[in-house]
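Subject: Structure for your review

Dear colleague,

Please find below the structure that I am handing over to you. My notes on what was found in it follow.

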Amino acid sequence: MANPPIFLFLTIFIATLLCCCSSFEEEKRTTFIVQVNHNLKPSLFPTHTHWYQSTLSSLLSTKTTNGTTSKHALNNNNPILHTYDTVFHGFSTRLSPSEAKKLQTLPHVTALIPEQVRHVHTTRSPHFLGLQTAAKTGLLRDTDFGSDLVIGVIDTGIWPERQSFNDRDLGPVPAKWKGRCVAGKDFPATSCNRKLIGARFFSAGYEATNGKMNETSEYRSPRDSDGHGTHTASIAAGRYVSPASTLGYAAGVAAGMAPKARLAVYKVCWTGGCYDSDILAAFDAAVSDGVDVASLSVGGVVVPYHLDVIAIGAYGAASAGVFVSASAGNGGPGGLTVTNVAPWVTTVGAGTIDRDFPAHVKLGNGRVIAGASLYGGPGLIPGRMYPVVYAGSELSGGGSTGGGDGYSASLCLEGSLDPKLVKGKIVVCDRGISSRAAKGDVVKKSGGIGMILANGIFDGEGLVADCHVLPATAVGAIGGDEIRRYIATAAKSNHTSPPTATIMFKGTRLGVRPAPVVASFSARGPNPVSTEILKPDVIAPGLNILAAWPDRVGPSGVPSDKRKTEFNILSGTSMACPHVSGLAALLKAAHPDWSPAAIRSALMTTAYVVDNRGHAMLDESTGNVSSVFDYGAGHVHPEKAIDPGLVYDISDSDYVNFLCNSNYTTDTIQVITRKKADCSGAKKAGHAGNLNYASMSAVFQQYGKKKMSTHFIRSVTNVGEANSVYKVTIKPPVGMKVTVEPQTLSFRRVGQKLNFLVRVQARAVKLSPGGSSIKSGSIVWSDGKHTVTSPLVVTMQQPLDY
């Protein structure tokens, strides 16, 4: 050994490094939500919080080499992020893997749930939905516009000064209300009024992972620094405001679904996302405060219900009589993209309304490509054609757009465009990775004078209008391909006829046909967790929706955008969800004794699946007829939902039976329901599809079988008139045999429940391994006045291993 001292030094150094790395890995903490059997609290602790703190204190204390005690807690005084005692029993905290294992061994700890990060699912709609303010009767008038019902909005907060949240002519705060108006940065307690009756914020989970928030860009208060929460709150319950518009577009009267309903906001979403521990704390507070409806336009990865904090919080809320509506997600048009799929949650997809904002592209060859935009600044000179360039093709030809690659330039990502190539030109940008408006900002900073935003194949033909920072428009995938081909062909002409284009802004167009159409981005079924439950449940307006907006956020959402507007136009299932939240408040006001399941049933069984031409509703992404996996039961029809005739009600025990028949264990069911489950009688319900849902879904695994069959047991409650007789009309899925027993339901009184049995028989169809075939029909009950429609969908599957 030539140099023993150096070797010894290296040996010690490497050993120390490995030890430190190992220690770092062991002590690396993540957030867990801990469920506790609250009935086991020792009497010596005055509160459950003291008990939880003691548990963590003993767990997180370790002996050092000199015999002293060291705390491995996020905060030496209080390692607890949130405690929960209404929709959930337990607390949230940061734990290392070893600490999590130790905690799970304690007899009073029933579950540890790893935290997920969620994200928001980012007017004329009352008129489109048939909610007429001038009518002497109808849902709005009959419910006093939702007065005294409380809608809790779990989102990014609120901008309370907006006129959509004024309290003129509202009565006192409902006596049942127990909530608070929590003051914080730029949000004094006086920000609340008789309209906005509660406001809280939850950031402990967010800051535990990301560190202390940057208070120069975010408000440590319920005030909204994003805009999403202000927008969704005003869709659900905004007051009438006139005039209202966004940069001159969609001028008219703005109003929410339930204009007199009270609002309570629970801010859980921050720059880094929406953290499960904060979301659960919001659910806990909202139910304790006394909300009637909880609206959640947030979602994330789909997991089993006992690991899904939104599903757990929503169950606790629904069990307490609170209607929970949640956005289906913006993962469409692909299948299996729907989120928030628990059967006790009303899952809302998005459709269009009969208004759009055309902004067409005219090419140098005379072709006109349809587009959409909300650009409201100085336009392009009428009649003038401008050079047009596709940055991706410039790179593919060997050029350079500034240190990026061809892929980055095609997407117009930050720093990818060469000003020499784009200055004074209209730039074609592909959708993806960065936001639509951010691409326009990149083009503008690089010297471009306009942008054409082209959909990819996956986006299809759905057009989303944006408040761009420069003259810009969005075109569909087919139009984008045509524009790129035109540029490539013209570029080969050796500059004898260089490619040119312009954008023609047409303003606001009303009376659009067809409408509604299922929005391209709206997430689709089938349900990835429970195939027996059709999701989404319904669709509602979600494309280009006008609603309130904060002062300090530009309408494009781009940091460089300093424009101000009182209203903004956004798209997403985030916008569809609060439509249903507001409608649920109106229905609850009309029928105070209805359960959340009864309200969902009324919305589903009265929904429609035809457009304003009387034809089958279309899918925006393809232009083809849409399906039940796109829209669920259909598009909401509030004026019919107030008087549905019959409802499918669901009790807590029904949900437990559903979970038992879905192969959840008694332990995992307890995580959801907070109670020990008894699955001994669940098999009497037959299978998970026998949950008393307002839709029916069957999945047959063929495995070489020629014939297959199943059945559904349903119970309907008469909420119409006494002495009503309903007869059934069966519209079986193509190739299926469907029978219903009995075929007539005779109700003597209001509130009476009657059962019926649906049998479905199917023959095997030719499928390749892993293939599937989907057919749908319906079961329709009618007494001559009411029509109660339940979708019936049958999926035939050929397993991969057959």
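**Charges over rings**

In this predicted model, Arg484 lies over the face of Tyr390, at 5.5 Å from the ring centre. A further case involves Arg223, whose charged end sits over the ring of Trp159, 4.4 Å from the centre of that ring.

**Aromatic pairs**

The search of the whole structure returned 16 aromatic pairs. One of them joins Tyr315 and Tyr655: the ring centres are 6.2 Å apart and the planes stand at 75°, so this pair counts as edge-to-face, the cut-off for that class being over 60 degrees. Tyr315 belongs to helix H9 (residues 309-319) and Tyr655 to helix H19 (residues 652-661); the pair therefore ties together parts of the protein that are 340 residues apart in sequence. Are these two tyrosines, Tyr315 and Tyr655, buried or exposed? Both Tyr315 and Tyr655 are buried. They also belong to one aromatic cluster, which is formed by Tyr305, Tyr315, Trp344, Tyr655 and Tyr664.

**The protein as a whole**

For orientation when you view the model, the protein has 20 helices and 40 strands. It comprises 802 residues, of which 57% count as buried.

With kind regards

Note on methods:
Residues numbered from 1 in each chain as written. Predicted model: local features only at pLDDT ≥ 70, side-chain atom pairs only at ≥ 80, totals over all residues. Heavy atoms only, no water. Helix = DSSP H or I, 4+ residues; strand = E, 2+ residues; numbered from the N terminus. Buried < 20%, exposed > 50% of the residue type's maximum accessible area, 1.4 Å probe, protein only. Phe/Tyr/Trp six-rings, centres within 6.5 Å; stacked < 30°, edge-to-face > 60°. Lys NZ or Arg CZ within 6 Å of the ring centre and 35° of its normal.
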